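Subject: Model handover

Hello,

The model we talked about is below, and my notes follow it. Please read them with the structure open.

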Amino acid sequence: MRVVFLTHNFPRFPGDLSGAFLATLAHALIARGHDIRVLAPSDLGETGPGEFEGIPVTRVRYASSAQETVAYRGNMADAIRHPAGWKALVGLWRSLRRAAGIEVEQGADLVHAHWWVPGGLASPPNVPLVLTVHGTDGALLGRSSLARWVAAPVFRRARIVTTVSRTLAEQVTSATGRVVPDSHIHAMPIEVSLFERWSEGGQGLIVISRLTPQKRVDLALGALAVLRNQGRDIKLRIIGDGQERATLEERARSLSLGDAVMFAGAVPPSEIPGLLAHADAMVFPAQGEGFGLGAAEALMAGVPVVVCSDGGGVLEIVPESGAGRVSPPDPAALAESIGALLDNPESKAQARILGESWRRKLAPDHVAAACESWYREAAGV
């Protein structure tokens, strides 16, 4: 089947974190005999090569080079609050729509839009549509009546609507009336083959996250300060980058954390398992996650995880005891949960048991098989 991925997030270069799971999914679908084409935005005027690791990719221009910033940076929700952002987003929608129309004319059997905005909006009307809601787009439905009005026709037209968690499925149903059955709920894949060993621990806490306000990494810094004031000699590594980095570095200085915290920047997905192999626990303080792949990766490495009670879909991954803890979004409470997890001698063994399950569920071929069933259902074959 010839399938077009329509997305605003797809890796621009080897090691790029932006939409890396979509490249993993594309490779798995290609291995199952499907012809996968990707349509994605250019970035600051850069369209790049016509393929990514063997996957055909067309990156469309949609604004002046300086204005092509509403993709890849996790700031689309912020961009649409300003006229310039709306202008760029409309340009992106039109460019993706034109490119998708060409793909349909050339024989595409189906469009798989990742995120309803802008991908779902840009899908041509004369081709079966599978629409996957990943997280930020589901949150937008929940907080904006305008977004719900704009999204309604897309959700009505889609043959299949899927989500990466049950939490998101409930949000979609509440906002649009579209019921998402259990058979259409599945997380995106991870390169589970990279997770060949269990964590030995020894290097303290780890955060792996884009540094944006929604990820609330400041809570992890506050919790670290509480733990150290209690006399625990513990350190924190923060893996990731983003608009909040300078603010978070200043926050660490104000808490006098010194060399107890290290900002390591973004790293390629292939390096994540090696970093997790030395972590004692992951802190995942994000709010309203669609799923929380980072938490699943930690468990697949046998690393226990602490999450917040308003974490959204990540609560479907991390248990309240054993391999994890669920904490109120407060530094003192988070510190208490981290301490309880570190003091539990069984937590790592329980994380390994749970991690084995997630290795099976998120294996690329397993996820690709689920997508394949959606495609057949959407195409009526």
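Buried here means under 20% relative accessible area, exposed means over 50%, and partly exposed is in between, with a 1.4 Å probe and protein chains only. By that rule Cys371 is buried, with a relative accessible area of 0%. Cys308 is likewise buried, at 0%. A disulfide is taken as a pair of cysteine sulfur atoms within 2.5 Å, and the count comes to 0 disulfides.

Two notes on provenance. This is a predicted model, in which local features need pLDDT of at least 70 and side-chain atom pairs count only at pLDDT 80 or more, while totals for chains, interfaces and linings use all residues. Residues are numbered from 1 along each chain as its sequence is written, and side-chain values use heavy atoms, with hydrogens and water left out.

Overall dimensions

The C-alpha trace spans about 65 × 40 × 40 Å along its principal axes. For 381 residues, a compact globule would have a radius of gyration near 21 Å, and the chain agrees with its 21 Å. That radius is taken over C-alpha atoms, and the globule rule is 2.2 Å times the number of residues to the power 0.38.

Of the 381 residues, 55% count as buried. The accessible surface comes to about 15500 Å², and carbon and sulfur atoms account for 51% of it; these areas come from the Shrake-Rupley method with a 1.4 Å probe, and for residues only the protein chains shown count as cover.

Secondary structure and contacts

The chain has 14 helices and 13 strands. Both are DSSP runs numbered from the N terminus: H or I of at least four residues for helices, E of at least two for strands. Taking contact as heavy atoms within 4.5 Å, 67% of the contacts between residues at least 6 apart in sequence join residues at least 24 apart.

Backbone points to check

The peptide bond from Val117 to Pro118 is cis, with omega near 0 degrees. Pro118 lies in helix α4, residues 116-122.

Glu53 is not a glycine, yet its phi is positive, near 50 degrees. Glu53 sits in the loop between β3 (51-52) and β4 (55-60) and is partly exposed, at 48% relative accessibility.

Ser256, also a residue other than glycine, has a positive phi near 55 degrees. Its place is the loop between α9 (245-254) and β10 (261-265). At 65% relative accessibility, Ser256 counts as exposed.

Regards
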